[in-house]
Amino acid sequence: LSQSPMMGWLYISWGDVLRDLNNITGALSYIQQGIEFSEQSNDAAMIGSSHLSLGRILFIKDDLAGAEAVIEKMENLAQKSDMPLYVVDPLEALKVRIWLQKGNLKPAVQWMQDREVRENGKYTLLQESKQILFSRILFAHGEVAESLEWFQKLIKIAEADGRNISVIEMLLVQANALKSKGDIKAAISSVKKAISLANPGGFISIFVEEGPSIAELLQIMLDENADIPRAYVKKILSAFRLTKLIQTDDSIVERL
């Protein structure tokens, strides 16, 4: 098995799990091994998947230039080989996330306008990912009320289908939108719900990806002695500090 192409897929999956747990060093190690296997087998799907995983890790590390270089490399490969949609679409979604992270709204809005939004009550996972992106773009564009309206619909559908990771992501973006409106109480409620879903699996990076605003809400919850799993919340905040998305006044911690 260790010499078969399947091992490449196992390395990629292993790296993805470690990424979710915010073990970035371990994740990178396994993803790099997955890339090596994919290039040896010349499997476009495996090559695309392994580089998608690498791009996501670089995004978490806030290495946007590195993530963009990975995406460009895969876009060039996709023009020459038959890369599946389950790789192409998430790569495209990551590209949009990077635009939003950099505050480059024009191409993000254009991307949204170029795609048809269909409200038929049934979403495949790929459609759901696009709907989440539409909501993110609306929020970034200042259309907060419309963004929140979308999230309310999407969360209900994802909850009914048991897609907890999607629900966690949407709750956190919703919290950022609510915080931008000044509704801190509702924002904290949204984060609390995300924590209750994420804690059993130990998810960390999904919080870090949403930026310092989530860290601020988590700190408020700790300071107010809210009914939350405090050790888990502190672990998430530590991950924010390690990625330098938030700073601490404690010079000893900074040196560590």
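1. A residue counts as buried under 20% relative accessible area, as exposed over 50%, and as partly exposed in between, with a 1.4 Å probe and protein chains only. F207 is buried, since its relative accessible area is 0%. Y232, at 7% relative accessibility, is buried as well.

2. The model is predicted: local features need pLDDT of at least 70, side-chain atom pairs count only at pLDDT 80 or more, and totals for chains, interfaces and linings use all residues. Residues are numbered from 1 along each chain as its sequence is written, and side-chain values use heavy atoms, leaving out hydrogens and water.

3. The whole structure holds 5 aromatic pairs. Rings of Phe, Tyr and Trp (its six-membered ring) pair if their centres lie within 6.5 Å; planes under 30 degrees apart are stacked, over 60 edge-to-face, and the rest tilted.

4. W111 and F134 have ring centres 5.6 Å apart and planes at 50°, so this pair is tilted. W111 is in helix α6 (residues 105-113) and F134 in helix α7 (residues 125-140), 23 residues apart. Helices here are DSSP runs of H or I, at least four residues, numbered from the N terminus. Both W111 and F134 are buried.

5. F207 and Y232 make an edge-to-face pair, 6.3 Å centre to centre with 85° between the planes. Because F207 lies in helix α11 (residues 205-208) and Y232 in helix α13 (residues 230-242), the pair ties together parts 25 residues apart in sequence.

6. One aromatic cluster is formed by Y11, W14, Y30 and F37.

Definitions and conventions:
Helix = DSSP H or I, 4+ residues; strand = E, 2+ residues; numbered from the N terminus.
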